[in-house]
Amino acid sequence: MAQALFNIFVFPGFLFVAAFGLTAEYIDRKLYALMQNRIGPPWFQPLADFIKLSAKEDVVPQHADKLVFKLMPIVAMTSILTAFIYIPMWGSNALFAFKGDLVVVMYLLTVPTLTYFLGGWYSRSVYSMIGAARSLTQLFAYEIPLFLSILAPAMLADTWSLSGISEYFSTHPWAILFNIVGFVIAIIALLGKLEKVPFDIPEAETEIVAGAFTEYSGRLLAMFRLAIDMELVVGASLLAAVFLPFGLHYGPAAGFALYLVKVLFIIGLISLARTIVARLRIDQMINFCWKVIAPLAFLQFLADLILKGVHN
Amino acid sequence: MLVEEEKIKQQLVERFGLSGEKITVQRERRVWADVPAAEFGEIFDYAANKLGFVILATITGLDEGPTLGAIYHLARESGIILNLHISVQRDKPVIKTVSARFPVADAYERELVDLFGMQVEGLPPGNRYPLPDNWPAGQYPLRKDWKSDTIGKSEVTENA
Amino acid sequence: MPEREVKLTIGPQHPMLKEPESFLLTLRGEKITEMTVRLGYNHRGIEKACEQRTYIQDMYLVERVCGICSHSHSMCLAQTIEEIAGLQVPKRGLYIRTLVAELERIHSHLLWLGVAGHEIGFDTLLMYAWRDRELVMDILAIISGNRVNYGMNVIGGAKRDITPDQIPQILAAVDTLEERTKYYIHVGTEEITLRERLSGVGKLSKEDAIRLGAAGPTVRASGVDRDTRRDDPYGAYGELSFDVVTDNHCDVYGRTLVRLGELMQAYKLIRQILKNLPEGPIAIKAPRKIPAGQAIGRYEAPRGEDVHYVKANGTDKPERVKLRAPTLANVQAVAHMLKDGYLADTPIVIAAIDPCFSCTDRAIATTNLDNGRTDRMEWPALRTYGIDWYSKQGIDFAELNRKLRTMRESN
């Protein structure tokens, strides 16, 4: 029991993910800054931001639904954390695993977007409501390609469990090369999920101030921001587990170091992507996702299906 | 040297029977004309539609004592500016809008309304410009008898 | 998004806007069905203030109409006053003025490029463009001593000379900038998301551009060949060779290309100016009192045409000064461009005219300047003045402070 509690709250649970999330935010911001010819923030900046925000007053808009407004940041954080404990890190086994955990993780990762929507919608500010509506519209565009691109390797591995996928690919490393397209699609879809450029449409600063988060302040905003940082880490970990399952059999220490490298690599890719492109418009984003990304993801899925047929 | 400019002057004199003294060619590309307010509409349309003055650079309001003036600065693509000056009585400063021909005049005419207290007939409804919505009525800042401390003494109505 | 109409207020304070103005958008989904603009938040009463000051003071005042095109306004006013007074500015003075004018155009267009990048969420472009803008700011600081509000114009000529050792510095900076601008042209034409966000956005046909009286790069990007520098030459432009950059895209993308093209022309102009810089004095002495008369001055500022009208009455103060900044001419065009557009395109469409609302809003003095001069006011005096002013309005701070203290203590 004590072991489980430690696992959930300290390592590799809440404290670890929070610390890693803040570090990831720092690395993302620093890389982004360096690529833009800037110096960037010092290492403690995300933590300092968090502490400062936590010390500020929580302002709840008069017309907002107070319960939903206050509850959403916590729901976002818990769902992300729950998803994390099913993702394998240094070995091919996650902390907790069961047969259908892949589907559960995918759904748990959809919850944060819903909380952005609900939090924004019930703040009853025009900017928030437009941002919330955009969050949800965007969700329908990237979710299908993301699901398809992650289900493809699952199909190849013939399992619905993340640990199973890791196990399969660490014994068949060549097979992962077959999923390169899926990996790229997953990265693009992850940009949408994390609401980063070019898909930061729901919080486009120059149009709708901060989108769904416009009315949030103080501790609630700090929690939301931490949730987004954690989502970054969890999303990257998920992709690392599914698409980069290398070196899982060198023991925990090496495996953990490798895990960090993989996640940072994916974060680096995300920083690079947001450095080199402009924000799309919501209609362009949906067109792009449905007309380019989704068919590609579907082809990847088909390809895996055929490969599996041939292989058996 | 000033062929085009003189030609514009000639055309205005001939067509509208303006006296030649009222129109001066100041230098290359600068023609100034004093026109009677009654005929202004016609002359303006003629200049804009027939003489090729397709740009309305701006409208300047003037406080000339007993009268209020307005100068319409019209420009050709080739760089010639025709400045049409009209005067209206200070106690009845009514002019007609030119915003049908030049939509951009909307802002210039609202300036005349707010700053000189002119009445512009035919100006489409819209937000006032440039003064704030709670600016007291009857205060026209660019008139010469208006001093900046006048405002402190009058009532400023909130959200008028 | 539910298909009902939402009214969205943008401004006077909003991250999209760098200056206060207000747009009321009526949205159906993401589409804009209606828009009204409210300007005037930046009124400082400069036209009235000009009438109360001498010509020399007005030169400084007008320079502060706008933080970006400060040289534009002061040069335009100087030209207009010189025309009334019949002053012939020495050639060297005109060349120096023109040099600063072109440097200012570079600084303004690079600033615009960065802002445009930011408005479409492409912050990398913002950081790059503004990094390069530092080069031209440094050059302006070397020439004039200031990064903005250069104070290079005086009635009758230029105020500071260009020294021989400044010329290589300017040329070196121009070379670097030219190289970078070529890179931006490359990025602008090749980068897909950038093109996607700029192409077809904020359409303004040639006919509409002429009808609505748009100015500057906005009108030139709609295929109208109109540039005051060529059509009504001033400064040294009559003796320099340059192309008027136009474009037929009629959208924000076209406006970007026109500005980038104008940057290239500006480099060309600067090289010509420095090569042909005439010898001689930079200014002639101007009389304090300007003879009665009137004149209109035109100037192609980075954002479009500045129009200044001055009426002199023979004293040392003008009878009337009228300033028109290009943004006022472009506002109607913006309203037209936004209609039926997307909310997401609003920032870039508004930014694409390179709006400068502090230029546009200028006319009234509401502060008290009885003697036509500002007196230096120390901080304590200002504080007392403020407290007195409020107590005249019936607001007593002593009472408020006391209440505040009791509230704190009771907590």
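Start by selecting A:R219, which counts as partly exposed at 47% relative accessibility. Keep in mind as you go that this is a predicted model.

**Stop 1: the partner of A:R219**

Side chains of opposite charge can pair when their charged atoms come close. Trace the chain between the two ends: A:R219 belongs to helix α11 (residues 218–243) of chain A, while A:D58 is in the loop between α3 and α4 (66–84), so the pair links parts of the chain that are 161 residues apart.

**Stop 2: two helices in chain A**

Next, pick A:R29 and A:D49. Their side chains meet in a salt bridge too, at 3.3 Å from N to O. This pair ties together distant parts of the chain, 20 residues apart: A:R29 lies in helix α2 (residues 14–35) and A:D49 in helix α3 (residues 45–55). A:R29 is partly exposed, with a relative accessibility of 26%.

**Stop 3: across the chains**

Zoom out and colour by chain. Which chains share the most contacts? Of the two pairs of chains in contact, it's chains B and C. Chains A and B, on the other hand, don't touch, and their nearest C-alpha atoms are 23 Å apart.

Now select C:R38 and B:D133, whose side chains meet in a salt bridge of 3.0 Å, N to O. This one crosses between chains: C:R38 is in strand β3 (residues 31–38) of chain C, and B:D133 is in the loop between β7 (119–121) and α4 (150–153) of chain B. Check the surface at both ends. C:R38 is buried, with a relative accessible area of 9%, whereas B:D133 is partly exposed at 46%.

Stay with chains B and C and select B:E28, B:R29, B:R30, C:D232, C:R298, C:E305 and C:R324. Salt bridges that share partners join these residues into one network. Over all chains, the count of salt bridges comes to 47.

**Stop 4: a glutamine in chain C**

Finish at C:Q272, in helix α11 (residues 252–275) of chain C. C:Q272 is buried, because its relative accessible area is 17% and the cut-off is under 20%. What is it in contact with, leaving aside neighbours within four places in sequence? Select C:L240 and C:S241 to see the answer.

Definitions and conventions
Residues numbered from 1 in each chain as written. Chains lettered and ligands numbered in written order. Predicted model: local features only at pLDDT ≥ 70, side-chain atom pairs only at ≥ 80, totals over all residues. Heavy atoms only, no water. Helix = DSSP H or I, 4+ residues; strand = E, 2+ residues; numbered from the N terminus. Buried < 20%, exposed > 50% of the residue type's maximum accessible area, 1.4 Å probe, protein only. Contact = heavy atoms within 4.5 Å. Salt bridge = Lys/Arg side-chain N within 4 Å of Asp/Glu carboxyl O.
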